Amino acid sequence: MADPVLSSIDGGVLTLTFNRPDRLNAWTDAMGRRYFDLLAEADRDPAVRVVVVTGAGRGFCAGADFEDLTAVLNGSYRREDESDRRSVTLPATLGKPVIAAVNGACAGLGMVCALACDLVFTADEAKWTTAFARRGLIAEYGLSWILPRLIGQARAMDLLLSGRTFTGVEAYELGLVSRSVPGESLLEETAAYARELALHSSPTSMAVMKRQIRGDWNRTLEEAEAAAVRLMTESFGRPDVTEGVAAFLERRAPRFPPLPRS
């Protein structure tokens, strides 16, 4: 049986590729477990500085596999590992940046999977849809929390209630993604951006800023500023600041230490 998620690393950038192209990379328990395991390994591996997630073939992830949905409806579905309750929002909890490169069909659970990443690049022609309302479902896996924070309540309502299909270009215009590019250059541009982060940005700084962005959402400005002052003071005690300043003055690429193994 083919590996449901492929893994390769180059220059500190780990690329994870959903690998069920004949099913537009529709989500299964086996694919999820493999994906979560690889993300957890990446978070522990000091050689990994940035993670890119994409799909093989014409799809990114077309949502839950319909064979599983059918099994749920007829009562025959059994989760292969009932103890594994990790979620597609796992990338948000990692200390390292995770970038989704949406190369094609991105629907339902697959859309949550993409938007749970820290940054999203999409092919112009990729087809996006929440899909849930058209399947008699609800906004699953925290999408009702994610969407309004990205694009506002009115636009989130539109995408959720209608379940309409839209392109990567519109996803960019809505503010749903960071960048929309022609499909033939998607992986090249995503990889180039990821390499920039791996080469020039402090892993510790990126990990702290991920926590700040997620944690400050419901704080007041005063609370966020007070927390930032404390975190800034802590940063002066780490070697990253010394190295960052030295690299700037010496006009060279920085040699930041990796995140410690968690």
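Predicted model: local features only at pLDDT ≥ 70, side-chain atom pairs only at ≥ 80, totals over all residues.
Let's start with the overall build. The chain carries ten helices and ten strands. Its radius of gyration is 19 Å, close to the 18 Å from the globule rule for 262 residues, so the chain is as compact as a globular protein of that length. If you turn the model along its principal axes, the C-alpha trace spans about 60 × 45 × 40 Å.

What about the inside? Of the 262 residues, 44% are buried. Among contacts with a separation of 6 or more, 69% are between residues 24 or more positions apart.

The protein chain exposes about 13,700 Å², and 56% of that comes from carbon and sulfur atoms. As for charge, I count 30 positive and 34 negative side chains, with the centres of the two sets 2 Å apart.

How many disulfides does a search of the whole structure find? The search comes back with zero. Take C106, which is in no disulfide: the nearest cysteine sulfur belongs to C61 and is 7.4 Å away. C106 is also buried, at a relative accessible area of 1%. C113 is in no disulfide either, and its nearest cysteine sulfur, the one on C117, is 5.9 Å away. For a disulfide, the two sulfur atoms would have to be within 2.5 Å. C113 is buried as well, with a relative accessible area of 0%.

Conventions
Residues numbered from 1 in each chain as written. Heavy atoms only, no water. Helix = DSSP H or I, 4+ residues; strand = E, 2+ residues; numbered from the N terminus. Rg over C-alpha atoms; globule rule 2.2 N^0.38 Å. Buried < 20%, exposed > 50% of the residue type's maximum accessible area, 1.4 Å probe, protein only. Contact = heavy atoms within 4.5 Å. Areas by Shrake-Rupley, 256 points an atom, 1.4 Å probe, with all protein chains shown as cover. Lys, Arg positive; Asp, Glu negative; His and termini not counted. Charge placed at Lys NZ, Arg CZ, Asp CG, Glu CD.
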